[in-house]
Amino acid sequence: MFKIAAVGDKNSIYGFASLGITIFPVESSIQAVKTIRSISENGYGVIFITENIASEIQNELSRYNDEALPAIIPIPGVFGNNGFGMEQVSSFVERAVGSDIVN
């Protein structure tokens with residue numbers, strides 16, 4: 001069975017711990033890249049990542065786009081939604097279906 005993780009600023013991901021999800025608070029994009037690499041190699045099948053951090057490390061996250069696991073899912077943080085998550089979902093749907101049916 002795969003594990004689930006949440007990566008982002010502490011205030012945004014702290015609540016995930018109450019759901020049994022392992023949290024990885026990060027304070028910089030460099031720390032986020034190291035964390036994503038580490039947890040992706042250690043049995044995590046789903047990684048929730050705050051949109052702010054995800055938008056800062058797009059190149060790193062693109063390495064995982066064609067991989068089945070881990071599924072990296074951008075989520076809004078306490079600082080709000082910057083649209084990065086919806087942009088990613090739209091891109092994935094377009095690749096799967098052949099046209100943008102989300103927007």
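How many salt bridges does the count come to? By the rule applied here, which takes a side-chain nitrogen of Lys or Arg within 4 Å of a carboxyl oxygen of Asp or Glu, the count comes to two salt bridges. The structure is a predicted model, in which local features need pLDDT of at least 70 and side-chain atom pairs count only at pLDDT 80 or more, while totals for chains, interfaces and linings use all residues. Residues are numbered from 1 along each chain as its sequence is written, and side-chain values use heavy atoms, with hydrogens and water left out.

Side chains of opposite charge can pair when their charged atoms come close. Glu60 forms a salt bridge with Arg37, with the closest N and O atoms 2.9 Å apart. Helices (H or I, at least four residues) and strands (E, at least two) are DSSP runs numbered from the N terminus. Glu60 lies in helix H4 and Arg37 in helix H2, so this pair ties together parts that are 23 residues apart in sequence. A salt bridge also joins the side chains of Glu60 and Arg63, at 3.0 Å from N to O. Through shared partners, the salt bridges join Arg37, Glu60 and Arg63 into one network.

Accessibility was classed as buried (under 20% relative accessible area), exposed (over 50%) or partly exposed (in between), with a 1.4 Å probe and protein chains only. Glu60 is buried, at 7% relative accessible area. Arg37 is partly exposed at 38%, and Arg63 is partly exposed at 48%. With neighbours within four places in sequence left aside, Glu60 is in contact (heavy atoms within 4.5 Å) with Val33 and Arg37.

A pair of aromatic rings is described by the distance of the centres and the angle of the planes. Rings of Phe, Tyr and Trp (its six-membered ring) pair if their centres lie within 6.5 Å; planes under 30 degrees apart count as stacked, over 60 as edge-to-face and the rest as tilted. A search of the whole structure finds two aromatic pairs. The ring centres of Phe16 and Phe48 are 5.6 Å apart and their planes are at 25°, so this pair is stacked. Phe16 lies in the loop between helix H1 (10-13) and strand S2 (22-25), and Phe48 in strand S3 (residues 44-50), so the pair ties together parts that are 32 residues apart in sequence. Both Phe16 and Phe48 are buried. Phe24 and Tyr44 form an edge-to-face pair, 5.8 Å centre to centre with 80° between the planes. Phe24 lies in strand S2 and Tyr44 in strand S3, so parts that are 20 residues apart in sequence are tied together. Phe24 is partly exposed at 22% relative accessible area, whereas Tyr44 counts as buried at 9%.

A nonpolar core is a set of buried Ala, Val, Leu, Ile, Met, Phe, Trp, Tyr and Cys residues joined through side-chain atoms within 4.5 Å. The largest such core has 16 residues, of which Val7, Ile36, Ile47, Ile49, Ile57, Leu61 and Ile72 touch the most other members. Strand S1 (3-8), helix H2 (29-40), S3 and helix H3 (51-56) are the elements that give two or more residues to this core. H2 supplies the largest share, four residues. Not counting residues up to four places away in sequence, Ile49 touches residues including Val7, Ile36, Ile57, Leu61 and Ile72. A second, separate core of six residues includes Ile13, Phe16, Phe48 and Ile75.
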